[in-house]
Amino acid sequence: FPVTICRWTFGEDGNTEFPGSITAQGNITGNILKIEDGVHEKFQTKADATGTVTHDCSAGHIFFHTSPDANWTANFTNLNLSSGYATTVTLVIEQGGTGYYPNAVQIGGNNVGILWQGNATPTPSTNRIDVVTFSILYDGLYTVLGQLTGF
């Protein structure tokens, strides 16, 4: 059977080169991660959202919701953010004849308020696709910025 050996290169300048066009550069002024061939992200499918829906972020940060039955609370688990870090979680919602959206957020089961874009609660679409993006910042407390875009 074929065997492929891949080598990581660690430079004295703090740079690391991985096989497949990935480079991590680091020095005293900062770090840069360069990915030249694109990124593929796994998504999870959730059906019939209602009540509180757990979104396990250890398996990815993109969730595809089909046929939501009501507005729901999105409970993001396993974010594991350190203070001074942020992440983005995306919910793609396939709407039916009535549009629904996550109108509340929990992180690890704890309620966190949503600051919606334009300081206005969004109106979900009907019979279309909506995308809700949450930018989540952590500095000892969570800040959740939300926006809904219809397609």
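Q: Which residues in the largest nonpolar core touch the most other members?
A: This is a predicted model, in which local features need pLDDT of at least 70, side-chain atom pairs count only at pLDDT 80 or more, and totals for chains, interfaces and linings use all residues. Residues are numbered from 1 along each chain as its sequence is written, and side-chain values use heavy atoms, leaving out hydrogens and water. A nonpolar core is a set of buried Ala, Val, Leu, Ile, Met, Phe, Trp, Tyr and Cys residues joined through side-chain atoms within 4.5 Å, where buried means under 20% relative accessible area, exposed over 50% and partly exposed in between (1.4 Å probe, protein chains only). Of the 23 residues in the core, those that touch the most other members are Phe76, Leu79, Val89, Leu91, Phe134, Ile136 and Val144.

Q: Which strands each supply at least two residues of this core?
A: In soluble globular proteins, nonpolar side chains tend to be buried together. Strands here are DSSP runs (E, at least two residues), as helices are (H or I, at least four), and they are numbered from the N terminus. The strands that each supply at least two core residues are S8 (72-77), S9, S10, S12 (114-116), S13 (129-138) and S14 (142-150).

Q: How many strands does the chain have?
A: Read along the sequence, the pattern is β-β-β-β-β-β-β-β-β-β-β-β-β-β. The chain has zero helices, and its strands number 14.

Q: In what order do the six strands of the open sheet with mixed pairing lie?
A: Two strands pair if DSSP finds at least two bridges between them. With that rule, the six strands form an open sheet in the order S5-S7-S9-S13-S14-S12.

Q: Why is one side of S5 and of S12 left without a neighbour in the sheet?
A: Each of these strands has a single partner strand.

Q: How many bridges join S13 to S14?
A: Strands S13 and S14 run antiparallel. One example is phenylalanine 134, which stands opposite glycine 146 in S14. The bridges joining S13 to S14 number nine.

Q: What is the average twist from one strand to the next in the open sheet of four strands?
A: This sheet has mixed pairing and the order S6-S8-S10-S11. Strands S6 (51-56) and S11 (110-112) stand at its edges, each with a single partner, so one side of each has no neighbour in the sheet. From one strand to the next, the twist averages 35°.

Q: Which residue is the bridge partner of glutamine 106 in S11?
A: Three bridges join strand S10 (residues 102-107) to S11, and the two run antiparallel. In S11, the partner of glutamine 106 is asparagine 111.

Q: What separates the C-alpha atoms of asparagine 75 and glutamine 106?
A: Asparagine 75 lies in strand S8 and is buried, with a relative accessible area of 8%. Its contacts (heavy atoms within 4.5 Å), not counting residues up to four places away in sequence, include Thr52, His55 and Gln106. Asparagine 75 and glutamine 106 are 31 residues apart along the chain, and their C-alpha atoms are separated by 4.4 Å.

Q: Is phenylalanine 76 buried or exposed?
A: Phenylalanine 76 is found in strand S8. Leaving aside neighbours within four places in sequence, its contacts include Val89, Leu91, Phe134 and Ile136. At 0% relative accessibility, phenylalanine 76 counts as buried.

Q: Which backbone oxygen does the side chain of glutamine 95 reach?
A: Glutamine 95 is in the loop between strand S9 (85-94) and S10, and at 6% relative accessibility it counts as buried. A polar contact is a pair of N or O atoms within 3.5 Å; within protein, one must be able to donate a hydrogen and the other to accept it, and residues adjacent in sequence count only if both atoms are side-chain atoms. At 2.7 Å, the side chain of glutamine 95 reaches the backbone oxygen of tyrosine 100.

Q: At what distance does the side chain of glutamine 44 reach the backbone oxygen of aspartate 56?
A: Glutamine 44 has its place in strand S5 and is buried, with a relative accessible area of 16%. The side chain of glutamine 44 reaches the backbone oxygen of aspartate 56 at 3.0 Å.

Notes
Axes are lines fitted to C-alpha atoms, for helices over the stretch in contact, and angles run from 0 to 180 degrees between N-to-C directions.
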